[in-house]
Amino acid sequence: MRRILHADMDAFYAAIEELDHPDWKDVPLVVGADPRKGSGRGVVSTCNYAARRFGIRSAMAIRRAYELCPNAIFVPPRMERYMEISERIMEIFHHYSPLVEPLSLDEAFLDCSGTDRLFGDAATLGRSLKDSVRSETGLIVSIGISAVKFIAKIASDLEKPDGLVVVQPGQEAAFLAPLPVERLWGAGPETCKKLREHGISTIGELGRRELKDLPGGGQGKLWKHLHNLSRALDDREVVSSRQRKSIGEERTFGTDISDSDRLRQRIMDLCSELAYRIRKSSFQGRTITVKYRFTGFETHTRSRTEAEVIVTEGQLRRLALDLWEEIEERRGDRSIRLLGVQVSHAIREDQQQDLFGSGSGFSSAKSDGIISLEKEKKIDSAMDQINERFGKKLKRGLSHN
Ligand code: TTP
Ligand code: MG
C-alpha cells in the first residue's frame with residue numbers, strides 16, 4: 001500500500017517575513033511590489049492570512065491589494081532568504097523519505113510507503129513532520145496523506161492553515177465526492193466552467209457520469225484523465241527530482257519586436273520546433289516555461305505545471321500562448337529581444353511572478369538549443385535551478401514589478 005504525503009508551507013514568503021520581523025505577526029502583510037512606488041503594476045506574490053481576510057490573494061495586482069487594505073505592510077520579496085529556508089525544509093523532508101519530489105520552493109510530495117514501523121500511522125507521521133518543521137524553522141506546514149498522489153495534494157490544502165488531513169485507504173472516493181470540481185488537479189477554469197455548464201459541480205457528480213456524458217462527449221485525454229481522477233484512479237508515483245531534465249528552444253531577434261501579433265507568431269514557431277524535438281526525444285515534462293527578455297537585458301520567465309505531460313504541439317501552443325497573454329498584460333509597449341519556450345519536469349514555477357534574473361538561467365542554453373536548467377547541488381536539481389537564477393537576480397537587485 002502506497003503512502004504519499006504532500007506538504008505545503010503556509011503563506012510561505014509572508015510567514016518567513018513574520019518570522020524575521022516579529023512585530024509584523026498578525027498584521028496584514030503583503031509580499032510583492034510596493035504599490036506606492038514605480039509603475040504600481042506589480043503583483044502580490046503572497047500574503048499572510050490576516051491579509052487574506054481582506055480578500056487579498058497571490059497574483060492580484062498590487063494596486064488592488066492596496067485598495068483592499070491600505071494599512072497592510074507591503075514588503076518586497078527576499079528570494080535568497082526564502083531559498084535558504086526552502087533548502088532547510090527540503091532537508092527535513094528527506095529525513096522522512098529518500099523519495100522527495102519538490103513542486104516549488106515550499107511544496108513537495110514524499111513517498112512514505114513502508115515507513116509505518118518507523119513513523120507510525122499516517123496521522124502520527126504527519127504530526128511528526130509538522131513538529132519537525134516547526135521546531136527547526138519556526139514555520140508551519142500543511143500536510144495531506146493518501147495512497148493516491150493527487151488526493152494527498154488536495155488534502156494538504158483543505159484545512160490550511162496548519163492543516164493535517166489523512167485520507168484513509170478505501171475512503172478516497174468518499175473524500176472526493178463532495179469537493180467542487182475546481183479542486184481537481186489539472187482542471188483549469190475553462191474546464192470547470194464546461195463541467196458546470198453540464199450540471200457537474202462536484203467531483204462526485206463527475207465520477208457518477210459516464211465518460212460519454214461529459215462535455216464534448218468525453219472525447220480527448222483530458223476528460224478521460226479527469227474522469228479517472230474523480231473516481232480516485234491515479235497511479236502516478238512520486239518522482240525524485242534528481243531525475244529531472246528540461247528541453248527548450250529560444251531565439252534572440254535581430255531587431256527587437258514590440259508588435260503583439262508578431263510576438264505570438266514567434267511563440268508558435270518556437271512551439272513547433274520544440275514539439276518536434278520532444279517527439280524525437282520522447283521527453284516527458286509537465287512544466288512549461290516562457291522566457292522573455294526586454295530590450296536591454298532584463299529577463300523574466302513565467303511557468304505553469306500541468307497534471308499531464310506536455311507533448312503535443314497543440315498543448316504547447318495553447319499553454320505557451322496562455323502564459324504569453326499573462327505576460328502581455330504587463331508588457332505595456334516594451335519591446336522584446338528574446339523569447340524562449342521550455343518544458344521541464346515538475347517545477348511549479350507557475351506561481352513565481354517575474355522573479356528570475358537578468359541573463360541567468362536560460363542564458364546557459366547549450367548550443368544544441370536545449371535549455372539546461374539542471375545543476376545538481378545538495379538537495380535536488382530543481383531547487384538549485386531556481387536558486388541559481390533567483391540568486392543572480394538578487395545580486396543585480398530585485399525589482400519586483
Ligand atoms: P503557495 O504555496 O501557493 O502559497 P503560500 O505558501 O503563500 O500560501 P498557502 O500555501 O498557505 O496558501 O505558494 C508558495 C509561495 O510561492 C508563496 O509564498 C509565494 C510564491 N508565489 C508567488 O510568488 N506567486 C504566486 O502567484 C503564488 C501562488 C505563489
Ligand atoms: Mg504554500
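Me: Is phenylalanine 109 buried or exposed?

Reply: Start with the cut-offs. Buried means under 20% relative accessible area, exposed over 50%, and partly exposed in between, with a 1.4 Å probe and protein chains only. Phenylalanine 109 has 0% relative accessibility, so it counts as buried. One caution: this is a predicted model, where local features need pLDDT of at least 70, side-chain atom pairs count only at pLDDT 80 or more, and totals for chains, interfaces and linings use all residues. Residues are numbered from 1 along each chain as its sequence is written, chains are lettered from A and ligands numbered from 1 in the order in which they are written, and side-chain values use heavy atoms, without hydrogens and water.

Me: Where is phenylalanine 109 found, and which residues does it touch?

Reply: Phenylalanine 109 sits in strand E6, residues 107–111. Helices (H or I, at least four residues) and strands (E, at least two) are DSSP runs, numbered from the N terminus. Contact means heavy atoms within 4.5 Å. Residues up to four places away in sequence are not counted, and the residues touched by phenylalanine 109 include Ile4, Leu5, His6, Trp185 and Val238. Also compare sequence with space: phenylalanine 109 and aspartate 8 are 101 residues apart in sequence, and 9.0 Å apart from C-alpha to C-alpha.

Me: What does the whole chain look like in secondary structure, and how much of it is buried?

Reply: The protein chain has 14 helices and 12 strands. Of its 401 residues, 55% count as buried. Now take contacts with a separation of 6 or more. Residues 24 or more positions apart account for 67% of them.

Me: Which protein donors does the magnesium ion (ligand 2) have?

Reply: Donors are N, O and S atoms within 2.8 Å of the metal (3.2 Å for Na, K and Ca); water is not among the atoms, so sites may look incomplete. Here the protein donors are Asp8 (OD), Met9 (O) and Asp106 (OD), lying 2.0 to 2.2 Å from the magnesium ion (ligand 2). Their spacing in sequence is D-M-x96-D. Aspartate 8 counts as buried at 12% relative accessibility. Methionine 9 is buried too, at 2%.

Me: What is the geometry of the magnesium site?

Reply: Check the angles. Six donors count as octahedral if opposite donors are over 155 degrees apart and all others between 65 and 115. The site of the magnesium ion (ligand 2) has 6 donor atoms, with angles of 83 to 176° among them, and is octahedral.

Me: How do I read two packed helices?

Reply: Use the angle between their axes and the distance between the axes. Axes are lines fitted to C-alpha atoms, for helices over the stretch in contact, and angles run from 0 to 180 degrees between N-to-C directions. Angles under 35 degrees count as roughly parallel, over 145 as roughly antiparallel, 65 to 115 as roughly perpendicular and the rest as oblique. Take H1 (residues 12–20) and H4 (residues 79–96): their angle is about 100°, and their axes are 10 Å apart. H1 and H4 are therefore roughly perpendicular. Among the residues that meet are Phe12 and Ile16 in H1, and Tyr82 and Ile85 in H4. By class, this contact of H1 with H4 has 8 nonpolar, 1 polar and 3 charged residues. Ala, Val, Leu, Ile, Met, Phe, Trp, Tyr, Cys and Pro count as nonpolar, Asp, Glu, Lys and Arg as charged, and the others, Gly among them, as polar.

Me: At what angle do H9 and H11 pack?

Reply: H9 and H11 (residues 221–230) pack at about 75°, with axes 13 Å apart. H9 gives Thr191, Lys194 and Leu195 to the contact, and H11 gives Leu222, Trp223 and Leu226. Threonine 191 lies in H9, residues 189–197. Threonine 191 is buried, with a relative accessible area of 10%.

Me: Where is the cis peptide bond?

Reply: Look between lysine 160 and proline 161, where omega is about -10°. Proline 161 is in the loop between H7 and strand E8 (164–166).

Me: Which phi does aspartate 26 have?

Reply: Aspartate 26 has a positive phi of about 70°, although it is not a glycine. Aspartate 26 lies in the loop between H1 and strand E2 (29–32). At 65% relative accessibility, aspartate 26 counts as exposed.

Notes
Four donors count as tetrahedral if all angles lie between 85 and 135 degrees; four count as square planar and six as octahedral if opposite donors are over 155 degrees apart and all others between 65 and 115; anything else is irregular.
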